[in-house]
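Q: Hey, can you walk me through this one? I'd like to go bit by bit.
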Amino acid sequence: MRTIVKAIAAGALLLATASAAGTQDAPAAATATPAGIPMDSAWRRAVYAQAHEHFRHPSWGWRHSERDYLFGMAVAQAEGLTVDPDVMFAAAFLHDWGGIEPFAVAGVDHAVRSVQLAEPFLTEAGFPMEKFPAVRAAILGHMYDKEPEGPEALAIHDADALDFLGALGAARLLAATGDRPDYDQALGRIERFAVDIPPRLKTAAARRMAEPRVAAMTEFLATVRSETPDGARP
């Protein structure tokens, strides 16, 4: 598996380098993503290229990772947390790697698996590995039911929880049913998350951000009920 990860890292790094050295309109894409995330190092371009290539899941894919970075930086700024953007970028884009096929391993927590995959990948890509302990902590603590340790872990934890809320959160939960779709189960999870997740947010900033998202989820569920012929709980 280490050989596979190294091959992925090398391929992603080659793709990123080729993109950066491409045509005259490429430099803008090489210095920032369309969402404005800085891409000012080869390792960042490698991580971003790898995410685009391999993280295609509708709920846990690269767009979710991108939002985790942006939400995490917003939470950190609003809360007055001092965070390392390199740690935030690496943790945000790699935190769900271990839950995506074909990289997932049965019986291994997806965050633990993500750390196993991220360490050799980042080493190969040229990430400053003295920062990896903070990346590890952020990945291991990212789920809403975990206790994050460190400022980056705190910001990523709340960002990841926020992305389970709101219209986007509802869409992600409906898309997460996988090969055995269960409409009732997905709607029940939306209803439960709107109640269970906000109290687990660690920062006041994230709790404020959660309020309109919870309202959106509640309105969505009420609309579903109104459109259900028997008016039953969705």
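Q: So where is valine 105 placed?
A: Valine 105 sits in the loop between helix 5 (85-94) and helix 6 (110-125). Helices here are DSSP runs of H or I with at least four residues, while strands are runs of E with at least two, numbered from the N terminus. By the way, this is a predicted model, where local features need pLDDT of at least 70, side-chain atom pairs count only at pLDDT 80 or more, and totals for chains, interfaces and linings use all residues. Residues are numbered from 1 along each chain as its sequence is written, and side-chain values use heavy atoms, with hydrogens and water left out.

Q: OK, new topic. Which residues have the most contacts inside the largest nonpolar core?
A: Those are Trp43, Val47, Phe89, Phe93, Leu122 and Val135, in a core of 38 residues. A nonpolar core is a set of buried Ala, Val, Leu, Ile, Met, Phe, Trp, Tyr and Cys residues joined through side-chain atoms within 4.5 Å.

Q: And which element gives the largest share of this core?
A: Helix 5 does, with 8 residues.

Q: What does leucine 122 touch?
A: Leaving out residues up to four places away in sequence, leucine 122 touches Trp43, Val47, Ala90, Leu94, Phe127, Met129, Phe132 and Val135. A contact is heavy atoms within 4.5 Å.

Q: Switching to rings: how many aromatic pairs are there in the whole structure?
A: A search finds 13. Rings of Phe, Tyr and Trp (its six-membered ring) pair if their centres lie within 6.5 Å; planes under 30 degrees apart are stacked, over 60 edge-to-face, and the rest tilted.

Q: Why is the pair of tryptophan 43 and phenylalanine 89 edge-to-face?
A: Because the planes are at 85 degrees, with the ring centres 5.7 Å apart. Tryptophan 43 lies in helix 3 and phenylalanine 89 in helix 5, so the pair ties together parts 46 residues apart in sequence. Both tryptophan 43 and phenylalanine 89 are buried.

Q: What about tyrosine 48 and tryptophan 62?
A: Their planes are at 75 degrees and their centres 6.3 Å apart, so that pair is edge-to-face. Tyrosine 48 and tryptophan 62 are both buried.

Q: Last one: which residues form the aromatic cluster?
A: Trp43, Tyr48, Trp62, Tyr69, Phe89, Phe93 and Phe127 form one cluster.

Terms used:
Buried < 20%, exposed > 50% of the residue type's maximum accessible area, 1.4 Å probe, protein only.
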